[in-house]
Amino acid sequence: MDVISLGIGDPDTPTPAVVVEAMREQVARPDTHRYPSNRGRASFREAVAGFYSARFGVDLDPATEVIPALGAKEAVANVNLAFLDPGDVALASDPGYPVYTTGPLLAGADAVPMPLIPELGFLPDLEAVPAEVAAAARLMFLNYPNNPTGGVVDDDFFARAVEFARRNDVIVVHDNAYSEITYDGYRAPSFLETPGALDVGIEIFSLSKTYNMTGWRAGAVVGNRDLVGAYWQLKTNIDSGMFEALQEAAIYVWARVPEGETSASFTERVLEDAAVVISPGAAYGPSGEGFVRMSLTVPDERLNEAAERIAALVAG
């Protein structure tokens, strides 16, 4: 069957030629073939700091507030090992990237879901977090623009997150994988733009989706220097850093299911009757029930055909 997969968010177009050519040049340099430093090349850290200054107006010290990450997934998983002890709590977006909940479990901690409420624009209600949970919390994972819902922050949500973190001694970890993938004139902010954010948190930036570099595994952890330093200490015992040649070189729809359907039943019906693969919202957490996620990382003509098939199925 001619099945169209909208399940996995892997870009369908190649990495920009200028990046590929730069990689070719850097691979040929013998000085990039040695063990890299976990701190990363100064040139890479300076480039990340320069991007944050130009794009977000955030001033970062390349020496102490930026460190390379082997993609956002590695960073999300490792911050749990760096900052959580058994018995601690991590507040995780629900629905959300699965590593927000599996990472704490690997650290022996507990992951407590924060439902993303449609009526609040898929933002969590921070005031609804029980006091005993907030007191035990050590980390809070946020992700805007959000995967899988597509939600974005309103004007003061990050400020409220900073206040919540200060009040409860919580580290905010903002997964900023999608800030450059926005529409209709909206420009996504960095969490670190918020006054006080550098006192309470870090941000994970990824090149994967923005620059069609999912397979390159390139990203960065930036923000509070003490937290970045602690993350670096962990990495020195886990990996040997990012390939230095890579350092030099270096979309989603979230929709409600029809009335009377569950996430799983609608996903199955779309596959069986329309030959389109989509993801059930419940796979991203209990609050994802009643929704499905569709990746937009296929060519436009295939995406249009998938939309027509699903529309015909729903209409019929």
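1. Tyr252 touches Gly9, Asn147, Pro148, Tyr178, Lys209, Arg293, Met294 and Ser295, leaving aside residues up to four places away in sequence, where contact means heavy atoms within 4.5 Å. Tyr252 lies in strand 10 (residues 252-256), strands being DSSP runs of E of at least two residues and helices runs of H or I of at least four, numbered from the N terminus. With a relative accessible area of 15%, Tyr252 is buried, a term that means under 20%, with exposed over 50% and partly exposed in between (1.4 Å probe, protein chains only).

2. This is a predicted model, in which local features need pLDDT of at least 70 and side-chain atom pairs count only at pLDDT 80 or more, while totals for chains, interfaces and linings use all residues. Residues are numbered from 1 along each chain as its sequence is written, and side-chain values use heavy atoms, without hydrogens and water.

3. Helix 2 (residues 42-56) has 15 residues and reaches 21 Å from its first C-alpha to its last, close to the expected 21 Å, which is 1.5 Å times one less than the number of residues. Phe44, Arg45, Val48, Ala49, Tyr52, Arg55 and Phe56 of helix 2 are buried. They lie on the same side of helix 2 because they cover an arc of only 145° around the axis, taken from the directions from the helix axis to the C-beta atoms.

4. The buried residues of helix 2 pack against strand 2 (66-69), strand 7 (171-176), strand 8 (201-206), strand 9 (219-223) and helix 9 (244-249). Just after helix 2, Gly57 adopts a positive phi of about 70°.
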